[in-house]
Amino acid sequence: MELIKDGIRIDGRKKDELRDIKIEVGVLKRADGSAYVEWGMNKVYVAVYGPRELFPRFLRRSDKAVLQCKYNMASFSVDDRKRPGPDRRSVEISKVTRGALEPVVLTENFPESVINVNIEVVQAEAGTRCAGITAASVALADAGIPMKDLVPSCAAGKVGSEIILDLCKEEDNFGESDLPIAMIPRTGGISLLQMDGLMTAEELEEALNLVKKGCKIIYEKQKEALRKRYKGDDHD
Ligand code: ADP
């Protein structure tokens, strides 16, 4: 399969183009904060609860809130039915999601408590961890939890000999490497960086530059979604 031809990718995008991304805030009534992201064909809901009392008590920390993240992919979210429930992949993604978000959340303001971040992928088409982190930071802000910044996240990768932004399913499956990254724009920090496959140092640099551009666009969309939610009084 030819994934890229004359600079045009299998889904018609250029090398440095993101898929279409739509972010909505406050979509779930029962959650303290929530967000929904449509990212290409990915569809991801995030519900945030807390800060609230943490049980069992022995998990509490006297110096800060515990940030619990749970990533789940619905069994109907992929082509072949996915076996429901946690698996190695979802445990890993939950862990790296917490790592990506924790640096921006002022957990020290809420000792003894827990903040729950539930990420539910209802349709998956590659890049769901980035979509989850992007949505989760917006949902945390929607919950009114004090934060230093939002966390935009996207991947770059290598397909053939080309470095490209935001891999789609075919590129993820048949490409050379995949590099999901989450950024903290205010400090220029990186709170998630994983790599599947191989890249040279120069390619990594090129990929990082692409991701920075992508995260800048996503950051604006995150802020715009929050502004839209809070500009009127019509929210409950
Ligand atoms: P990410 O979604 O963050 O890119 P992966 O690289 O692990 O995470 O997965 C890439 C894609 O592979 C997913 O977005 C999803 O479309 C698909 N996928 C993951 N797990 C399964 C599964 N158990 N069955 C079918 N497809 C899956």
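Which residues does Gly-40 touch, not counting residues up to four places away in sequence? The views below begin with this residue.

View 1. The model is predicted: local features need pLDDT of at least 70, side-chain atom pairs count only at pLDDT 80 or more, and totals for chains, interfaces and linings use all residues. Residues are numbered from 1 along each chain as its sequence is written, and side-chain values use heavy atoms, with hydrogens and water left out. Gly-40 lies in the loop between β4 (33-39) and β5 (42-53). Gly-40 touches Arg-19 and Asp-20, residues up to four places away in sequence not being counted; contact means heavy atoms within 4.5 Å. Its relative accessible area of 33% makes Gly-40 partly exposed (buried is under 20%, exposed over 50%, partly exposed in between; 1.4 Å probe, protein chains only). A distance of 9.4 Å separates the C-alpha atoms of Gly-40 and Ala-124, which are 84 residues apart along the chain.

**View 2. Asp-178 in strand β10 (residues 177-184).** Strands are DSSP runs (E, at least two residues), numbered from the N terminus. Asp-178 is buried yet has no salt bridge (a side-chain nitrogen of Lys or Arg within 4 Å of a carboxyl oxygen of Asp or Glu). Arg-129, the nearest side chain of opposite charge, is 6.2 Å away; Lys and Arg count as positive and Asp and Glu as negative, with His and the chain ends not counted.

**View 3. Leu-140 in its surroundings.** Leaving out residues up to four places away in sequence, Leu-140 touches Val-48, Leu-101, Val-105, Ile-115, Val-117, Ile-145 and Met-147.

How values were computed: Helix = DSSP H or I, 4+ residues; strand = E, 2+ residues; numbered from the N terminus.
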